[in-house]
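Student: Could you walk me closely through one part of this model? I'd like the details of who sits where and who touches whom.

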Amino acid sequence: MRSYLVAGNWKMNGSRAANAALLRGLRDGFTGSPGVEMLVCPPFPYLADVARELEGSAIRLGAQNVSQHESGAFTGECSAAMLSDVGCSYVIVGHSERRALMGETSEDVAAKFVAALSGGLRPILCVGESLDEREAGHTEAVIDEQLDAVLQAAGVSTFAEAVVAYEPVWAIGTGKSASPQQAEDVHAHIRARVAGHDRQVADKLQILYGGSVKGDNAAGLFSKGDIDGGLIGGASLKADDFLAIATAAMAQD
Ligand code: PGA
């Protein structure tokens, strides 16, 4: 049986009231599935509240970013141990918005990946090309650079405790998802790249697709052999939409 992860990246959205309503809908609608794990990644201030609301549910908690440092004089930062302490089991690293808007390099992302694992979190490593890079035929080279930085810093064995998310920048928040075949081609490339280091790790690696996943395109994406779930932005903010995506994953079992 395949194992899917359906992860909601709330980005900088939400409020106590909106989160409570959303979580109520998700808890009522998703009572667990042997082949599908559901995850929500709210902004930092809400993590502890959301952890409490998720107690006893089948839904897991993750953060959207983590410091590469363990503790100390890093004003505004948050360590992996702190995130674990408040109930997170996952953290997103290297989202394209952080690479583009906050200037995170692949080396920074690799350091965060390592820090996440040391702090007991499962990193979700995001990789993806821009439209210019795709049109110039550089998609695989961009993915390789982003992936190799982490493989070198962390070693392939750590990928047994990690997830990769392929998120083409041109598909994020645009309503223009990659086609199932476009996504599958890159997912197969990612798996082959990791298999070049360790085939067993690569075979078990969950590779999520992200970029305008919705209830009506999820099934086509998830039917592909190398697409093991989704990293969902906009559609994770509405319970019905997010549940429809989880249902599409459950239907693949
Ligand atoms: P989207 O965002 O689903 O709104 O395109 C995905 C993401 O950025 O993780």
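Student: In which strand is the place of Gln-206?

Tutor: Gln-206 belongs to strand 7, residues 206–210 (strands are DSSP E runs of at least two residues, helices H or I runs of at least four, numbered from the N terminus). Bear in mind that this is a predicted model, where local features need pLDDT of at least 70 and side-chain atom pairs 80 or more, while totals for chains, interfaces and linings use all residues. Residues are numbered from 1 along each chain as its sequence is written, and side-chain values use heavy atoms, without hydrogens and water.

Gln-206 has a relative accessible area of 12%, so it counts as buried (under 20%, with a 1.4 Å probe and protein chains only). Leaving aside residues up to four places away in sequence, Gln-206 touches Ser-3, Tyr-4, Leu-5, Val-163, Val-164 and Asp-228 (heavy atoms within 4.5 Å).

Now over to helix 11, residues 239–250. Ala-239, Phe-242, Leu-243, Ile-245, Ala-246, Ala-248 and Ala-249 are its buried residues. They pack against strand 1 (4–9), helix 1 (16–29), strand 2 (36–41), helix 10 (218–222) and strand 8 (229–232).

Take helix 1: its axis comes within 9 Å of that of helix 11, crossing at roughly 30° (lines fitted to C-alpha atoms over the stretch in contact, N-to-C angles from 0 to 180 degrees). That makes the two helices roughly parallel (under 35 degrees). Leu-22, Gly-25, Leu-26 and Gly-29 of helix 1 meet Ala-239, Phe-242 and Leu-243 of helix 11. Five of these contact residues are nonpolar, two are polar and none is charged (Ala, Val, Leu, Ile, Met, Phe, Trp, Tyr, Cys and Pro are nonpolar, Asp, Glu, Lys and Arg charged, the others, Gly among them, polar).

Conventions: Buried < 20%, exposed > 50% of the residue type's maximum accessible area, 1.4 Å probe, protein only. Parallel < 35°, antiparallel > 145°, perpendicular 65-115°, else oblique.
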